[in-house]
Amino acid sequence: MKHRPSATGVFTFIAVVFLYAPVLVVAVFAFNGSGRLSFPIDSLSFKWFQKLFADPAFSAAFRTSLEVATVTAIIAGVVGALAAFAFTRMNSRTLSVVEVASRLPVMIPPLMLGVALLTAMDYADIVPDLKSVTLGHIIYVIPFVVIIVVARLRTLDPEIELAARDLGAGGLETIRRITLPIMLPAMIGAGAIAFAFSFDELLITTFTSGLEPTLPMYVVSRLRRTIDPSVNAVAFVMLFIPWVALGIAYLVMRRSLGAIRRGAGTVDAGAEVS
Amino acid sequence: MKPSRRLAALLATPLAIVLLVGVVVPGMIFVVYSVFTFRLRQVHPGFTLDSFKAAITTAVYRTYAVNTLRIAIPVALITTVAGFALAHHIAFRAKRTKNLLLALVTISMLGSYLARVYAFRTLLGEHGVINETLISAGIINDPIGGLLFSRTAVVVAEVNLLLPLVTLLIYAGLMGIPRAMQDAGRDLGAGGFEVVRRVTLPMVGPAVLAALAFAFFLSVGDYVTPVLLGGKTSATIGIAISDQLRVTGNYALGSALSILTLLGFVLAYLLLRWSFRTAKLLPEVST
């Protein structure tokens, strides 16, 4: 019997095409040999990328964004993971207040977060620079980091840590050999998400940035002027870098999760033999 | 292992400081600014409701508010309906393609926001892909104007931006429904659509409400898409707020407009929740 596509199946197909067609079109035209935006494209070329990387404004913005995203990922990853550890291992009223507060930035539109930061800097006479940009990004990504690491730590039975203690491991050794290996994949994943979100952030950055534009701000300033096809190449870079970061994190996570599972497997097997 | 209370406090302190410095304190300063006076291009301490008065009585802000709603309401409705259909298909219909579809939706959500907005400019522009391709194919002679820089372009792009998130929110809700409930509905003689309406929807109501509210509020807060893709009728309240802060420097008015917008969110959410409750799409309140 021939498989007949269902109505919802057809709709799903259309929806996926709708989600991907625009970015795929941009990706294709980033490699277009001619300057005309018309299908079919006549030749493949890297000339728009060459033109782009020859533009000092692009290079500077690109470097700025990489720096800000890296610092954001490291600080948000460490700060969020430390707190997530406390949230899942300790009970106190203050801690639950902080945990609830850590979700605030998702519930406030980025526009308002940016506006509030700008107002506060005006009040305190702080001149916006890359530090304020990074602070804005850390705030934006920290809820995701906390949620991801907390979710991971909650899957770990605290009894395992107690068992390690009973077997004679000290507090630090337990953290190093049990807790950290379990947290690490989540920290890497959360860090990659923080990097990706920071690299693309614009709604807060508009308000917190000083004289050094990030890559999204460079794109917006280019879009306000006349557009030439090299913007397709910028869009390709913007699309590509976060996806690569997330892809690497995904592979690392899968490998280390696999290693933990295999490790657990050998323990089980050993128990069976004895 | 039971870390001491002091250790726990030490671990959570950096996060608490970040939240205080980055959200709580700026938020308070921002609220206070809304009652300050704006004179000689500067904000001065004091107490006045002038900014709120200006925000409410100035006709142009009412136009902006209407524009905002005319973008955000269609965006929220379309993404929620489409997201529900998509999530429902992924959760219950797609068998072999389920993981692929979930991955595609997630990857799309994590794809660059700005690249996707820009993509619509490449597609819809006067010399964009659609026009140029149609012209070189000989279907049209002159570019179709008005594809870009219109409210429709903004709505289409924002649906594209928000659909993945909304789909995943509803999908998470759908996964919480015991499969047996739907089977029971079908056994009792309900058709496919009736099962969705009378069994699935009421159980996934909270997730749908959350998705709808999220889409609405992210659309209202997005002041970049309307600038890059919208025309004269797409000036939104977000653009007004951003201009007050970045161009005019009237922090007081910008902050009053923001507070009114946030109040609008709360009202809109309560209204939505009330209508969901009236339509019996939320579980009964147990308390």
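**Helix packing and a pocket in a predicted model**

H3(A) passes H9(A) in a right-handed crossing. A crossing is right-handed if the near helix is turned clockwise from the far one by less than a right angle, and left-handed if anticlockwise. Helices here are DSSP runs (H or I, at least four residues), strands are E runs of at least two, and both are numbered from the N terminus. This is a predicted model, in which local features need pLDDT of at least 70 and side-chain atom pairs count only at pLDDT 80 or more, while totals for chains, interfaces and linings use all residues. Residues are numbered from 1 along each chain as its sequence is written, chains are lettered from A and ligands numbered from 1 in the order in which they are written, and side-chain values use heavy atoms, with hydrogens and water left out.

Stay with chain A. Its helix H9 spans residues 171–200, and H3(A) packs against H9(A) at about 145°, with the axes 8 Å apart. Axes are lines fitted to C-alpha atoms, for helices over the stretch in contact, and angles run from 0 to 180 degrees between N-to-C directions. H3(A) brings residues including A:Phe62, A:Leu66 and A:Phe85 to the contact, and H9(A) brings A:Met183, A:Met187 and A:Phe195, among others. Contact means heavy atoms within 4.5 Å. By class, 13 residues are nonpolar, seven polar and none charged. Ala, Val, Leu, Ile, Met, Phe, Trp, Tyr, Cys and Pro count as nonpolar, Asp, Glu, Lys and Arg as charged, and the others, Gly among them, as polar.

H3(A) also meets chain B. H3(A) (residues 56–89) and H1(B) (residues 5–33) pack at about 135°, their axes 8 Å apart. That angle makes H3(A) oblique to H1(B). Under 35 degrees counts as roughly parallel, over 145 as roughly antiparallel, 65 to 115 as roughly perpendicular, and the rest as oblique. This crossing is left-handed. A:Leu82 and A:Phe87 are among the H3(A) residues in contact, and B:Leu11 and B:Pro14 among those of H1(B). The contact has 12 nonpolar residues, no polar and no charged ones.

Now turn to chain B. Chain B has 12 helices and two strands. Its C-alpha atoms fill a box of roughly 75 × 70 × 40 Å along the principal axes. The axes of H2(B) and H3(B) come within 5 Å and cross at roughly 65°. B:Ala54, B:Ala55, B:Ile56 and B:Thr57 of H2(B) meet B:Ala59, B:Tyr61 and B:Arg62 of H3(B).

H3(B) supplies the largest share, eight residues. By class, the lining has 17 nonpolar, four polar and one charged residues.
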